[in-house]
Amino acid sequence: MSTFTSEEKEAMKAEAGIAACAFVSSGMQIGIGTGSTVKYTILELGRRIREEGLEISGIPTSDATEKLSIEQGIPMLDWENCNHLDLVIDGADEFDPNLHLIKGGGGALLREKIVAESSGGMIVVADASKRVDVLGAFALPIEVNPYGWEQTKRRIESICPGPVELRGPDYLTDNGNPILDAHFGPSISDPVQMEADLRAIAGVVEVGLFTNTADVVVLAAPGGCELIRKPTARL
């Protein structure tokens, strides 16, 4: 994984977050992801609403995203009145050459997956440090039910070659669930099967593997933005 200074990373995040807004046009209902790169998407959408008259509405993937979106003047939808989203813009902790993702470093993986599966396309905003050959150097977040989480942890440990750690004794997602961070190392060569194996464990609420979900990655590197589009991209 490439190494960048914190200033370089922040500049790349801003570039990618803003560039992704080119996919958004008036009349759209969009999913709004969570994370430090999507923050710049939200700020840019707010600017376009104020300065260009952009008319959109969105469903947030976390309480923090909802708060910032409202501050920026983005109208919020609820699921009762929305059965489909045109697209979702979200970040990733890692992505591989097939655009399979690890997500959930910010703890919003369950809501992010619900939104992603309800969208007509998924745009991932990322800086170059998130691009990997094989997933797993970033610890895989797994949201679990509070009941019997210790036993769920043991089941995950039987699959994971490295340690499986509770994300803090008091950490809970916006859904009230703990997260286990599973240290696979860069070994998840078949993320589709791994996602299925982990989701089959009783007590696992959601897994931070997003497979066959992303359509386009807006990748910001020091030399500028690159669009990586899957051959089957819906966008």
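This briefing walks through the fold of the chain above, from its overall build to a few local details. The model is predicted, so to speak of local features a pLDDT of at least 70 is needed, side-chain atom pairs count only at pLDDT 80 or more, and totals for chains, interfaces and linings use all residues. Residues are numbered from 1 along each chain as its sequence is written, and side-chain values use heavy atoms, with hydrogens and water left out.

**Overall build**
- The secondary structure comes to six helices and 13 strands, where helices (H or I, at least four residues) and strands (E, at least two) are DSSP runs numbered from the N terminus.
- With a radius of gyration of 17 Å, close to the 18 Å that the globule rule gives for 235 residues, the chain is as compact as a globular protein of that length. Here the radius is taken over C-alpha atoms, and the rule is 2.2 Å times the number of residues to the power 0.38.
- Along the principal axes, the C-alpha atoms fill a box of roughly 55 × 40 × 35 Å.
- Of the 235 residues, 53% count as buried; buried means under 20% relative accessible area, exposed over 50%, and partly exposed in between (1.4 Å probe, protein chains only).
- Among contacts (heavy atoms within 4.5 Å) with a separation of 6 or more, 74% come from residues 24 or more positions apart.

**The six-stranded sheet**
- An open sheet of six strands has the order β2-β1-β3-β6-β12-β13, with mixed pairing; two strands pair if DSSP finds at least two bridges between them.
- The edges belong to β2 (57-60) and β13 (224-229), each with a single partner strand, so one side of each has no neighbour in the sheet.
- From one strand to the next, the twist averages 20°.
- Strands β1 (residues 29-32) and β3 (residues 87-91) run parallel and are joined by three bridges, with Gly-31 opposite Val-88 in β3.

**Helices α1 and α2**
- Helix α1 (residues 6-19) lies across β6 (122-127), β12 (216-221) and β13, running at about 145° to β12. Axes are lines fitted to C-alpha atoms, for helices over the stretch in contact, and angles run from 0 to 180 degrees between N-to-C directions.
- Helix α2 (residues 38-52) has 15 residues and should span 21 Å at 1.5 Å a residue, which agrees with the 20 Å between its end C-alpha atoms. The expected span is 1.5 Å times one less than the number of residues.
- Buried residues of α2 include Val-38, Ile-42, Glu-44, Leu-45, Arg-48 and Ile-49, and their cover includes α1, β1, α3 (63-71), β3 and β6.
- Gly-53, which follows α2, has a positive phi near 75°.

**Strand β9 and its partners**
- In β9 (residues 179-182), Ile-179 and Asp-181 point one way, Leu-180 and Ala-182 point the other way, and all are buried.
- β7 (residues 140-144) pairs with β9 in the antiparallel sense over four bridges, and Pro-141 stands opposite Asp-181.
- β8 (residues 164-166) also pairs with β9 in the antiparallel sense, over three bridges, and Val-164 stands opposite Ala-182.

- Most residues other than glycine have a negative phi.
- Leu-99, though not a glycine, has a positive phi of about 65°; Leu-99 sits in the loop between β4 (94-95) and β5 (101-102) and counts as buried at 3% relative accessibility.
- Asn-212 is not a glycine either, yet has a positive phi of about 55°; Asn-212 is in the loop between β11 (209-210) and β12 and is exposed, with a relative accessible area of 55%.
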